[in-house]
Amino acid sequence: VEKLAGCIFVQNVETPALAAMLPVLSRGLNDKNEEVKRTCCLIVDNMCKVVEDPAAVVPIMPRLEPLVVSAMEKISNPEAAAVAERALKTLHKAGEGAETKTVGQAEALKSIKEALGDKAGSDAAFDEVAGHVAGLAACATNMRSFDAGVWQAKVGLVSPFTEVIEEIRAKLEVASKPAEEIEEEDTEGVDLYKGSFSLAYGTLTLLRDTKMHLKRDRFYGLLGPNQCGKTTLMRAIANEQLEGFPKRDELKSVFVEHEIEDEEVGVQDDGFPILSVDKPGWWWVMHTCNEIYKMETPVKEDTVKELMKSTGFGYPGGPDRAANLELPVTSYSGGWKMKMQLCAAQLMNADVLMLDEPTGHLDVDNIKW
């Protein structure tokens, strides 16, 4: 339960995932410990917010709903009981408007005969086989199983049905889905990414069924209040955690943020760890390019130092500056740390460069730079 509560979920949750989590949630919601019940209710609340299709909740509702209701009634802690009540409301809301219309055998048979046209037989043997195929098609549709290979092998079965089964599958799949809102297409320029996703962190849902379309040579802004998921989204892209977004070897995505993570890169003689931020600024830039982002052509120390000098960093024998490229990263202010990361981004020549408030710590001259 604790591991499940700490997961980062980066895609829409569908029925199979909900079904896989059901045993853990069932055990947790039946536990005597109220804190475990509360955590399970938080997970239910979070998961249901990331469900795109309300129909995905319907199969698990008969088992999950009574458990949440029972937890809500039995929990004595008012705050935990409120969490359970909220989870129940979210569960009901997630299932609202679910299109639970099922396809009957007769409807599937009609589609089969329309697809066959003149090839449809009129004898009893044909009617018997057609009825069986129609039953399989209706069953697969109601299970939301639309794999083309499976339909060809397990539904179409024999000629002439195998010849038209793809047309029938496509028709029934379209009929089983709710009508989607049609958005205006941007056809100019080269696509870098086009898709939709959901993003959650632990028990907090950040983005749900969010559409994103990125073009080459464009500037985009992420707007939203604090804690809405802007930084988490960019970090998930940079860490290759966003389902469907191209990996770094396909699309080089670089993220520049305020906070620099402490990475252990060695051990001192006395056993204490050596962190990346304890190293000189030029070393951090070179390490980030070559080891973290694994550039095909590694950058060299001289190249890094020359870029940092031209960016304004101090150096031995040079002008006195607030930050020296030979000093540890820990000695840099927020603005100089940002400039150091921007040096690394320049060297990597990213396809997608993501900046998290890059001017937040910079003065007027550096903002102009």
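Figure 1. Leu157 is partly exposed, with a relative accessible area of 41%. The model shown here, as in every view below, is a predicted one. Leu157 belongs to the loop that connects α8 (148–156) with α9 (161–176). Together with Val129 and Val158, Leu157 makes a nonpolar surface patch of about 220 Å².

**Figure 2. The cis peptide bond between Ser159 and Pro160.** The peptide bond that joins Ser159 and Pro160 is cis, with omega at about 5 degrees. Pro160 is placed in the loop between α8 and α9, and Leu157 lies in the loop between these helices as well. Most peptide bonds are trans.

Figure 3. Most residues other than glycine have a negative phi. Asp217 has a positive phi, near 60 degrees, and is found in the loop between β3 and α10. With a relative accessibility of 74%, Asp217 counts as exposed. Glu240 is not a glycine either, and its phi is positive at about 60 degrees. The loop that holds Glu240 runs between α10 and β4. Glu240 counts as partly exposed, at 34% relative accessibility.

**Figure 4. Strand β4 and its parallel partner β7.** Strand β4 covers residues 253–256, and strand β7 covers residues 352–355. The two strands run parallel and are joined by four bridges. Opposite Ser253 stands Val352 of β7. The side chains of β4 point two ways: Ser253 and Phe255 one way, Val254 and Val256 the other. All four of these residues are buried.

**Figure 5. The hairpin of β5 and β6.** Strand β5 (residues 264–267) and strand β6 (residues 273–275) run antiparallel, and three bridges join them. Gly266 has Ile274 in β6 as its bridge partner. Five residues lie between the strands of this hairpin, in which Gly271 takes a positive phi near 95 degrees.

**Figure 6. The largest nonpolar core.** In soluble globular proteins, nonpolar side chains tend to be buried together. The largest nonpolar core of this model has 49 residues, and those that touch the most other members are Phe245, Val285, Cys289, Val304, Met308, Phe313 and Met340. At least two residues of this core come from each of the strands β2 (191–201), β3 (204–215), β4 and β7, and likewise from each of the helices α10 (230–238), α11 (281–292), α12 (301–311) and α13 (334–348). Helix α13 gives the largest share, nine residues. When its neighbours within four places in sequence are left aside, Val304 is in contact with Trp282, Val285, Met286, Val299 and Leu347.

**Figure 7. The salt bridge between Arg86 and Asp45.** Side chains of opposite charge can pair when their charged atoms come close. There are 14 salt bridges in the structure. In one of them, the side chains of Arg86 and Asp45 meet at 3.3 Å, N to O. Arg86 lies in helix α5 (residues 78–95) and Asp45 in helix α3 (residues 34–49), so this pair ties together parts that are 41 residues apart in sequence. Arg86 counts as partly exposed, at 39% relative accessibility, whereas Asp45 is buried, with a relative accessible area of 2%.

Figure 8. Glu173 and Arg169 form a salt bridge in which the closest N and O atoms are 2.9 Å apart. Both residues lie in helix α9, four residues apart, about one turn of the helix. Arg169 is buried, with a relative accessible area of 10%. In helix α12, Lys309 and Glu306 are three residues apart, and are therefore separated by about one helical turn. Their side chains meet in a salt bridge at 3.6 Å, N to O. Lys309 counts as partly exposed, at 31% relative accessibility.

Figure 9. One of the pairs in view is that of Arg86 and Asp45.

Definitions and conventions. Residues are numbered from 1 along each chain as its sequence is written. This is a predicted model: local features need pLDDT of at least 70, side-chain atom pairs count only at pLDDT 80 or more; totals for chains, interfaces and linings use all residues. Side-chain values use heavy atoms; hydrogens and water are left out. Buried means under 20% relative accessible area, exposed over 50%, partly exposed in between (1.4 Å probe, protein chains only). Two strands pair if DSSP finds at least two bridges between them. Patches are made of residues with over 30% relative accessible area and no salt bridge: like charges are joined within 9 Å, nonpolar side chains (Val, Leu, Ile, Met, Phe, Trp, Tyr) within 5 Å. Accessible areas come from the Shrake-Rupley method with a 1.4 Å probe; for residues, only the protein chains shown count as cover. A salt bridge is a side-chain nitrogen of Lys or Arg within 4 Å of a carboxyl oxygen of Asp or Glu. A nonpolar core is a set of buried Ala, Val, Leu, Ile, Met, Phe, Trp, Tyr and Cys residues joined through side-chain atoms within 4.5 Å. Contact means heavy atoms within 4.5 Å.
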